[in-house]
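The sequence and structure are shown first.

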Amino acid sequence: MNNEKARRKGLFVFRMQEYGVGYLFMLPWMIGFAAFVAFPVGWSLYNSFNTLYFRAGGFSYTWVGLENYKRVWFENSNYRIELITLLQELVIIIPLILIFSFFVALLLNQRFPGRGAMRAIFFLPVIFATGQVVMELFTQGAGELPFIEQYNIEAIIHKNFDERTAASLVGILSQAVIILWYSGVQILIFIAGFQTIPKTIYEAIRVDGASPWESFWKITFPAMVPFIGLNAVYTIVDLFTFPFNSILGIITSNMFSPTTGYGYASAMAWLYFALVLLLLSVTLGLTYRATKGR
C-alpha cells in the first residue's frame with residue numbers, strides 16, 4: 001500500500017516537473033479566458049432565465065425560467081422568419097464560398113510568374129474589408145454585380161421562385177462580391193492542403209496512364225476532404241458573425257428595448273448559438289465520416 005502511494009506521489013511530481021512550465025505559460029491565457037470569456041458567457045446564460053432591465057440603481061432581476069425561450073420561439077414570428085431566411089442564404093453561400101476558394105486555390109497552387117502577388121491580392125480583402133469598412137463599401141454599392149440590374153435578374157428570380165426564396169437569392173446576389181471577399185482565409189487553407197499531397201503520387205498515377213480528371217477525383221479531392229470540412233466550419237462561424245447578419249441586429253435591438261430587455265435578448269442569442277452548434281456538429285460529423293470512408 002505504501003509502495004502504491006509512493007508510486008502515485010512520484011508520478012504526480014514527475015508530471016508537475018514535466019508539464020508545470022507549460023501550465024505556467026498557459027496561466028495568463030487561462031486567467032484571461034475565465035475573466036473575459038467564461039464569466040460573460042455564463043452570465044449571459046443565467047440572464048436568459050431572468051427578466052432583466054437596466055435601472056438607475058443597477059440591474060433588476062426576476063427569475064422566469066424558460067419563459068424567455070418560449071416567448072422567443074413561439075411568439076416572435078419575426079425572429080423565426082429571419083432565422084429561416086438566414087439558413088436559406090447559408091445553404092447557397094457556404095457551397096459558393098467553398099467552391100470558389102477551392103478552385104482559386106487550385107489555380108494559385110500552380111507555378112507561374114507573380115504567384116506570390118496573386119495570393120496576396122486574394123487575401124488583402126480579408127484584412128481591409130472588415131466591420132464598418134464592409135458596411136461602408138456596401139452602402140456605396142461596391143458589393144453589387146452590375147449585370148443584375150442590366151439584365152433585370154431580380155425580376156426573373158421573383159418570377160420563378162416563391163417570395164421567401166426569391167428574397168434570399170436577391171440578398172445573396174446583392175452581396176456576392178463582398179461574400180467572395182471573405183474567401184481569403186479559405187483559399188490559404190486549401191493551398192496548404194494541396195501542398196500536403198506528395199508530388200510523387202501524381203507522378204506514379206501519371207505513369208499508370210491516369211488522366212488529370214481521374215487524378216483529381218482519385219487523389220486530389222479525397223486528400224482535400226478534411227480541409228473542405230475545416231473550411232466549412234470556418235465559413236459557418238464567419239458567416240454567423242457577418243456584418244449584414246440580420247439576427248445579430250434583432251438581438252441587439254431587443255437587448256436595449258424597454259419591452260423585452262437583456263434576458264429576452266440573451267435567450268435569443270442562446271437559441272442562435274444552439275443553431276450554430278448544431279450546424280457545426282453536422283459538418284464535423286459529415287467530414288469525419290467522409291474522411292474515414294476514404
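The model is predicted: local features need pLDDT of at least 70, side-chain atom pairs count only at pLDDT 80 or more, and totals for chains, interfaces and linings use all residues. Residues are numbered from 1 along each chain as its sequence is written, and side-chain values use heavy atoms, with hydrogens and water left out.

Ser48 sits in the loop between helix H1 (2-47) and strand E1 (50-55); helices (H or I, at least four residues) and strands (E, at least two) are DSSP runs numbered from the N terminus. Beyond its neighbours within four places in sequence, Ser48 is in contact with Gly65, Asn68, Tyr69, Gly263, Ser266, Ala267 and Trp270, where contact means heavy atoms within 4.5 Å. With Tyr69, the side chain of Ser48 makes a polar contact of 2.7 Å. A polar contact is a pair of N or O atoms within 3.5 Å; within protein, one must be able to donate a hydrogen and the other to accept it, and residues adjacent in sequence count only if both atoms are side-chain atoms.

Two C-alpha distances concern this part of the chain. Ser48 and Val64, 16 residues apart in sequence, are 8.9 Å apart from C-alpha to C-alpha. Val41 belongs to helix H1 and is partly exposed, with a relative accessible area of 39%.

## Whole chain

The protein chain has 14 helices and two strands. Of its 294 residues, 31% are buried. Among contacts between residues at least 6 apart in sequence, 71% join residues at least 24 apart.

Helix H10 (residues 184-194) is mostly covered, with nine of its eleven residues buried; among them are Val185, Ile187, Ile189 and Phe190. Gln186 is found in H10 and is buried, with a relative accessible area of 1%. Setting aside residues up to four places away in sequence, Gln186 touches Ile97, Ser101, Asn231, Tyr234 and Thr235. The side chains of Gln186 and Thr235 are joined by a polar contact of 2.9 Å.

Asn231 is part of helix H12 (residues 212-239). At 0% relative accessibility, Asn231 counts as buried. A polar atom of the Asn231 side chain lies 3.3 Å from the backbone oxygen of Gln186. Not counting residues up to four places away in sequence, Asn231 touches Leu98, Gln186, Ile189 and Phe190.

## Packing of H11 and H12

Two packed helices are described by the angle between their axes and the distance between the axes. For helix H11 (residues 199-207) and H12, the axes come within 11 Å and cross at roughly 150 degrees. Axes are lines fitted to C-alpha atoms, for helices over the stretch in contact, and angles run from 0 to 180 degrees between N-to-C directions.

Ile201, Tyr202 and Ile205 in H11 meet Ser215, Ile219 and Thr220 in H12. The residues of this contact divide into four nonpolar, two polar and no charged. Here Ala, Val, Leu, Ile, Met, Phe, Trp, Tyr, Cys and Pro count as nonpolar, Asp, Glu, Lys and Arg as charged, and the others, Gly among them, as polar.

## Aromatic pairs

The whole structure contains 14 aromatic pairs. Rings of Phe, Tyr and Trp (its six-membered ring) pair if their centres lie within 6.5 Å; planes under 30 degrees apart count as stacked, over 60 as edge-to-face and the rest as tilted. Phe49 and Trp63 form a stacked pair, 5.8 Å centre to centre with 25 degrees between the planes. Phe49 lies in the loop between H1 and E1 and Trp63 in strand E2 (residues 58-63), so the pair ties together parts that are 14 residues apart in sequence. Phe49 is partly exposed at 21% relative accessible area, whereas Trp63 is exposed at 55%.

The rings of Phe102 and Phe216 have centres 6.0 Å apart and planes at 85 degrees, so this pair is edge-to-face. Because Phe102 lies in helix H3 (residues 77-108) and Phe216 in helix H12, the pair ties together parts that are 114 residues apart in sequence. Both Phe102 and Phe216 are buried. Ring pairs link Phe102, Phe103, Phe190, Phe194, Trp213, Phe216, Trp217 and Phe221 into a cluster.

Notes
Buried < 20%, exposed > 50% of the residue type's maximum accessible area, 1.4 Å probe, protein only.
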